[in-house]
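Welcome! Let's take a guided walk through a protein model, going from its inside to its contacts and then to a few backbone details.

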2 protein chains.
Amino acid sequence: MQTKHLGRQTLCLANPPYILAGGSVVGKKEGEGPLGPGFDYVCEDSYFGEKTWEKAESALLQRCFSIACDKAHLAPSGLQYIFGGDLLNQCTASTFALRDCGVPFFGLYGACSTMAESLSLAAMAVDGGFCDAAAAVSCSHFCSAERQFRFPLEYGGLRTPTAQWTVTGAGAAVLAAQGSGPRVTHVTTGCIVDAGITDAANMGAAMAPAALDTLKAHFEDTGRSPEDYDLIVTGDLGMIGRAALLELAAREDIDLEKNHMDCGLLIFDRNTQDVRAGGSGCGCCASVFCSLLLNGLRAGKWRRLLFAATGALMSTTSSQQGESIPGICHAVAVESEV
Amino acid sequence: MQTKHLGRQTLCLANPPYILAGGSVVGKKEGEGPLGPGFDYVCEDSYFGEKTWEKAESALLQRCFSIACDKAHLAPSGLQYIFGGDLLNQCTASTFALRDCGVPFFGLYGACSTMAESLSLAAMAVDGGFCDAAAAVSCSHFCSAERQFRFPLEYGGLRTPTAQWTVTGAGAAVLAAQGSGPRVTHVTTGCIVDAGITDAANMGAAMAPAALDTLKAHFEDTGRSPEDYDLIVTGDLGMIGRAALLELAAREDIDLEKNHMDCGLLIFDRNTQDVRAGGSGCGCCASVFCSLLLNGLRAGKWRRLLFAATGALMSTTSSQQGESIPGICHAVAVESEV
């Protein structure tokens, strides 16, 4: 059977790849959050044994990729492709993490949407018969992101209530044509959406219109509605972005109130952990997808899930030059076998 | 017929996509070089009518994408995907260029290998039946790259003889399942190769081992040898990197002397244009591929060509932290219909 392009943005995969396994590694703060027990590895040391935070970010992804391969009972040599990226300038966290693994590598940049982008392309590569197995990976680190995008940590700058907290974490998923596990059935690829938001401390607002755009396209293209999913999970809109999405969706008669969750709100307890509007960063929805969501699908807690990751496509330079913040959202539908 | 994975890294496409058209836009210096007459548009103004070099880079890619669509007789709405990226932090040149086009977008980061990476994924998307048409785009700008990676231009820093000159230019190719034009027949995806080079002013040396690795894989996987190609074009090793590649290849009994060229050496005249070891930047091989190479294939000058673009996967931060410079090289084989 041949995979079909539905409507404008969606693929209905004819040979839905199995997600054999997911690996998740996070930092101390994430380990102390509500999802702590579900992560494969929590590292107490923010340096992960390295000398810099950037090297720590690579180390955490390397560890995570290795765990995912182990859980999938595959050596890296059993993978034909890795799709991955991160937030650091020139995506060095992922390239340095994977420089010794000897697997053909497609580097991606989708900001915090990267995990859904990498899952999309890995699923397409497997579905298209281009490979037997491929990995999708992404990561972020609070300290390297703060240094790059905001202020030196030593400065102790106050964060606005709309700001989100970059997750120290990584996720890695192994997809394959044969095996068992939840399957990627649909891929909805996002267009860039610029709603004119310029506040770099309010990414949720900047990304919500992109999330709506992709979710709307997914429902139109597939003829499905929100009720067809046990769970619709965005990552990472946080509190402000989630509220904006729900309101924008309601105006279009899309009711997300019943079954919507956001990875940025799941990973931290906003009452006890000082994270302002919630978690963010490539590693947020990557680590949540590869722990809570995959585990829940495996256990039959959810049967059908829509994973929609959002990214803010800005840089410090673009913001300093007065530009608005374009957003993007990529979505994959994942179904449990159970 | 089903696309096959050959050996470790290569796909032999069962339904080789047509490259309907390529668009190329460059700056003044590139327009004055040996390939000047072949570019679609040469802009005398380094700002492309914008207020900053970063915005100029977006404007040049936007113009280039529009030219490619026009030449392919396709509106952007006729494309199901765009694959693209650039060198700027968080790839803002391409995301800002494409934020209004309304086409599903996969953001890539492969440093100067991005054009071959985007061609690879666009070809796979078309070959796999995921879409009828897709675009592959990339760009760079000398001034935005200097500011980001090296020194303020006003400082007037001297360049070492091994340094390369970032091309101000963009390339955009439109691939489709039906039509006419040169066809992408093989995709060889690179692994990251780190030979331990640490001199950020000698990218050619850092990337040459990656180029060899991918070329060697291509020849092994396909059973072809260099003589099977009318032209093997790397981009952008420059003078130092090309010499290194030829020597490293000779040690492995791969003779590239007869039919190897490098985009970084083609785009400038090193005798009359002060570019040290040659051109570089995502826009170098992107603009050369979409002008000289596509035009030559169309005209029957070459029948079969291997386009192998190399990238240096470093950032200023990784170099400042004493890291070596990993390289990557992606290759696509393109055949003329003539």
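## The nonpolar core

The largest nonpolar core holds 256 residues, and A:Leu175 and B:Leu175 are those with the most contacts inside it. Keep in mind as you read that this is a predicted model. In soluble globular proteins, nonpolar side chains tend to be buried together.

Let's look around one of these two leucines. Leaving aside residues up to four places away in sequence, B:Leu175 touches B:Pro17, B:Tyr18 and B:Ile19, as well as B:Ala122, B:Ala123 and B:Val126.

## A helix to look at: α4 of chain B

Just after α4(B), B:Gly129 takes a positive phi of about 80 degrees.

Is α4(B) enclosed or exposed? Since 14 of its 14 residues are buried, α4(B) is largely enclosed by the rest of the structure. To count as buried, a residue needs 20 or more other C-beta atoms within 10 Å of its own.

## Where the two chains meet

## Two domains in chain A

Now turn to chain A. Its domain assignment gives domain 1 (15-176) and domain 2 (183-335). The centres of these domains of chain A, taken over C-alpha atoms, are separated by 18 Å. Their contact takes 50 residues from domain 1 of chain A and 52 residues from domain 2 of chain A.

Which elements form the domain 1 side of this contact in chain A? Those giving two or more residues are β3 (18-27), α1 (28-31), α4, β7 (133-140), α5 (142-149), β8 (165-166) and β9 (169-176) of chain A. With eight residues, α4(A) gives the most to the side of domain 1 of chain A that touches domain 2 of chain A. By class, that side of domain 1 of chain A has 27 nonpolar, 18 polar and five charged residues.

## Backbone details in the loops

A:Ala111 has a positive phi of about 50 degrees although it is not a glycine. A:Ala111 sits in the loop between β6 (105-107) and α4 (114-127) of chain A, and is buried because 30 other C-beta atoms lie within 10 Å. In chain B, B:Ala111 also has a positive phi of about 50 degrees without being a glycine. B:Ala111 lies in the loop between β6 and α4 of chain B and counts as buried, with 30 C-beta neighbours inside 10 Å.

Where can you find a cis peptide bond in chain A? One joins A:Gly235 and A:Asp236, with omega at about 5 degrees. A:Asp236 is in the loop between β11 (231-235) and α7 (238-251) of chain A. Chain B has a cis peptide bond between B:Gly235 and B:Asp236, where omega is about 0 degrees. B:Asp236 lies in the loop between β11 (231-235) and α7 (238-251) of chain B.

Key
Residues are numbered from 1 along each chain as its sequence is written. Chains are lettered from A and ligands numbered from 1 in the order in which they are written. This is a predicted model: local features need pLDDT of at least 70, side-chain atom pairs count only at pLDDT 80 or more; totals for chains, interfaces and linings use all residues. Helices (H or I, at least four residues) and strands (E, at least two) are DSSP runs, numbered from the N terminus. A residue is buried if 20 or more other C-beta atoms lie within 10 Å of its own, exposed if 12 or fewer, and partly exposed in between; C-beta atoms are placed from the backbone. Domain bounds come from an automatic or database domain assignment. Two residues are in contact if their C-beta atoms, placed from the backbone, lie within 7 Å. Ala, Val, Leu, Ile, Met, Phe, Trp, Tyr, Cys and Pro count as nonpolar, Asp, Glu, Lys and Arg as charged, and the others, Gly among them, as polar. A nonpolar core is a set of buried Ala, Val, Leu, Ile, Met, Phe, Trp, Tyr and Cys residues joined through C-beta atoms within 7 Å.
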